[in-house]
Amino acid sequence: MASIKTAVSLQKELFDQVEELSRQMKVPRSRVFALALARFIRDAQDRRLFAQINLACEQGPPDQEERSRIGHIRRQHRLIAAGEWSSTEEQHE
């Protein structure tokens, strides 16, 4: 994966904490920043997904159109799973 250098301004206290963590982890300071930023982004995505799930739950039970769509998806999934099961059994024979 390509790396890009960037400059970030930090309060001295935060910088000192990153320096200490970097020494403890025995990794470059830039790695600490990359790990922290990746975690921050993952947490933000999780919060967004959680909010979407809550919104969907607040909307109540599915209407007839959505139930029909869900039924179609389930039937397709069963067909796919059955096909994968069959091909797995064939490979073991």
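Student: Helices are DSSP runs of H or I with at least four residues, strands are E runs of at least two, and numbering starts from the N terminus. Where is lysine 26 placed?

Tutor: In the loop between H1 and H2. This is a predicted model, where local features need pLDDT of at least 70, side-chain atom pairs count only at pLDDT 80 or more, and totals for chains, interfaces and linings use all residues. Residues are numbered from 1 along each chain as its sequence is written, and side-chain values use heavy atoms, with hydrogens and water left out.

Student: Lysine 26 again: buried or exposed?

Tutor: Exposed, because its relative accessibility is 75%. The cut-offs are under 20% relative accessible area for buried, over 50% for exposed, and partly exposed in between, with a 1.4 Å probe and protein chains only.

Student: What is phi of lysine 26 near?

Tutor: Near 55°, which is positive in a residue other than glycine. Most residues other than glycine have a negative phi.

Student: Switching to confidence. What pLDDT does the protein average?

Tutor: 89, and 90% of the residues score at least 70. pLDDT is the predictor's confidence in each residue, from 0 to 100.

Student: Where is confidence lowest, and where is it highest?

Tutor: Lowest in helix H3, residues 64-92, with a mean of 81. Highest in H1, at 97.

Student: At what angle do H1 and H2 pack?

Tutor: About 105°, with the axes 9 Å apart. H1 covers residues 12-25 and H2 covers residues 29-58. That makes H1 roughly perpendicular to H2. Angles of 65 to 115 degrees get that label; under 35 is roughly parallel, over 145 roughly antiparallel, and the rest oblique. Axes are lines fitted to C-alpha atoms, for helices over the stretch in contact, and angles run from 0 to 180 degrees between N-to-C directions.

Student: Which residues in H1 meet H2?

Tutor: Phe15, Val18, Glu19, Leu21, Ser22 and Met25. Their partners in H2 are Arg29, Val32, Phe33 and Leu35. Contact means heavy atoms within 4.5 Å. The residues of this contact split into seven nonpolar, one polar and two charged.

Student: Take serine 22. Buried or exposed?

Tutor: Serine 22 is buried, because its relative accessible area is 11%. Leaving out residues up to four places away in sequence, serine 22 touches Val27, Pro28, Arg29 and Val32.

Student: What does the serine 22 side chain reach?

Tutor: The backbone nitrogen of arginine 29, at 3.3 Å.

Student: And methionine 25, what does it touch?

Tutor: Val32 and Leu35, not counting residues up to four places away in sequence. Methionine 25 is partly exposed, with a relative accessible area of 37%.

Student: Why does glutamate 19 count as partly exposed?

Tutor: Because its relative accessibility is 21%. Glutamate 19 lies in helix H1. C-alpha to C-alpha, it is 9.9 Å from serine 30, eleven residues away in sequence.

Student: Last one: how many Å separate methionine 25 and glutamate 66?

Tutor: 50 Å, C-alpha to C-alpha, at 41 residues apart in sequence. Glutamate 66 is in helix H3. From arginine 39, 27 residues apart along the chain, the C-alpha of glutamate 66 is separated by 35 Å. At 35% relative accessibility, glutamate 66 is partly exposed.

Key
Nonpolar A, V, L, I, M, F, W, Y, C, P; charged D, E, K, R; others polar. Polar contact = N/O pair within 3.5 Å; in protein donor to acceptor, adjacent residues only side chain to side chain.
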